[in-house]
Amino acid sequence: MNNPTPSCYKKTSIGGQAVIEGIMMRGPVKSAMANRLPDGTLDLEEWETYPHGIAWYNRTPLIRGCFNFVETLVTGFRCLMTSAEKAGFEEEEPSAFEQKLAKLTGQKTETIVSTVALVLGVALAVLLFMVLPATASKLLAPFLPSTMALTLVEGGIKIAIFLVYIALVSQMKDIRRVFEYHGAEHKTIACYEHGEELTVENIRKYTRFHPRCGTSFLLIVLIISILVSSVVTWNSLVIRVLLKLLMLPIVVSISYEIIKLAGRYDNPVTRIVSAPGLWLQRLTTREPDDGQIEAAIAAMTPVIPDDPNADRY
């Protein structure tokens with residue numbers, strides 16, 4: 001499915017995230033999340049994107065990437081937890097252990113579970129994409145001709161783990177639903193960028209692939225990390241992993257600038273840069289149904305600024 005020839009095209013800075021039975025859209029002034037509740041109705045939540053104004057570190061090139069990435073993670077995780085609650089995933093009575101832990105810490109059970117899940121998620125990411133590839137590559141060192149070959153093997157293992165992980169989770173029923181909402185998010189943004197009215201019929205004809213996607217960003221992060229890793233020592237596996245953790249903000253910042261350029265310009269270079277991420281979106285997006293598109297419209301509409309130039313990318 002291809003985008004129709006635009007009559008009034010502009011690239012927008014509005015972006016979004018699929019959540020459980022819903023979509024969050026983030027605009028330059030307002031953000032919103034629309035969720036399909038168990039009774040079939042749509043619930044809409046709105047908030048200011050920058051309640052205290054846009055800080056200098058959110059605008060400065062090569063600095064903004066790391067800060068914006070962290071803010072996106074925090075906002076995205078909060079929306080994901082809220083959407084799970086609205087979808088009825090957290091209606092079970094807390095266990096005795098959870099109740100005792102909540103009493104000891106003075107925090108809600110949901111807050112504790114969310115915090116533990118976040119910490120475990122970060123630890124798992126470090127294990128899968130830093131420790132495991134470095135360890136496997138080190139074991140293969142006697143069979144490789146140079147440290148550059150060692151680095152390339154490590155990078156190949158990282159990308160393979162990432163692709164296998166995405167392919168496996170995409171087979172889960174609940175995740176497939178999230179990926180369908182992801183497709184609705186992209187199609188709705190594409191329809192808006194092409195100047196058409198946001199209706200289900202108009203949105204349905206647009207592509208579910210978008211160059212300025214979080215999936216593409218993660219793939220670029222992996223590729224840049226391979227290049228950066230080529231200058232990190234192999235003498236000690238522990239030191240190598242620690243140095244890579246310290247260099248992660250640099251990797252994220254460079255990747256952020258690359259994906260911004262790829263989203264802003266359309267030329268042979270940016271198309272080559274965007275191609276792997278667009279291919280990967282065949283796994284992380286699915287064609288949505290009309291109800292999912294309706295949720296995307298509900299989330300998109302309130303974040304469109306009154307000034308048509310305020311969201312130009």
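Student: Buried or exposed: which is Asp311?

Tutor: This is a predicted model, in which local features need pLDDT of at least 70, side-chain atom pairs count only at pLDDT 80 or more, and totals for chains, interfaces and linings use all residues. Residues are numbered from 1 along each chain as its sequence is written, and side-chain values use heavy atoms, with hydrogens and water left out. Buried means under 20% relative accessible area, exposed over 50% and partly exposed in between, for a 1.4 Å probe and protein chains only. Because its relative accessible area is 0%, Asp311 is buried.

Student: Which residue has a side chain joined to that of Asp311 by a polar contact of 2.6 Å?

Tutor: A polar contact is a pair of N or O atoms within 3.5 Å; within protein, one must be able to donate a hydrogen and the other to accept it, and residues adjacent in sequence count only if both atoms are side-chain atoms. The side chain that makes this contact with Asp311 belongs to Lys10.

Student: What kind of ring pair do Trp56 and Tyr57 form?

Tutor: Rings of Phe, Tyr and Trp (its six-membered ring) pair if their centres lie within 6.5 Å, and planes under 30 degrees apart count as stacked, over 60 as edge-to-face and the rest as tilted. By this rule there are four aromatic pairs. In the pair of Trp56 and Tyr57 the centres are 5.7 Å apart and the planes are at 75°, so this pair is edge-to-face.
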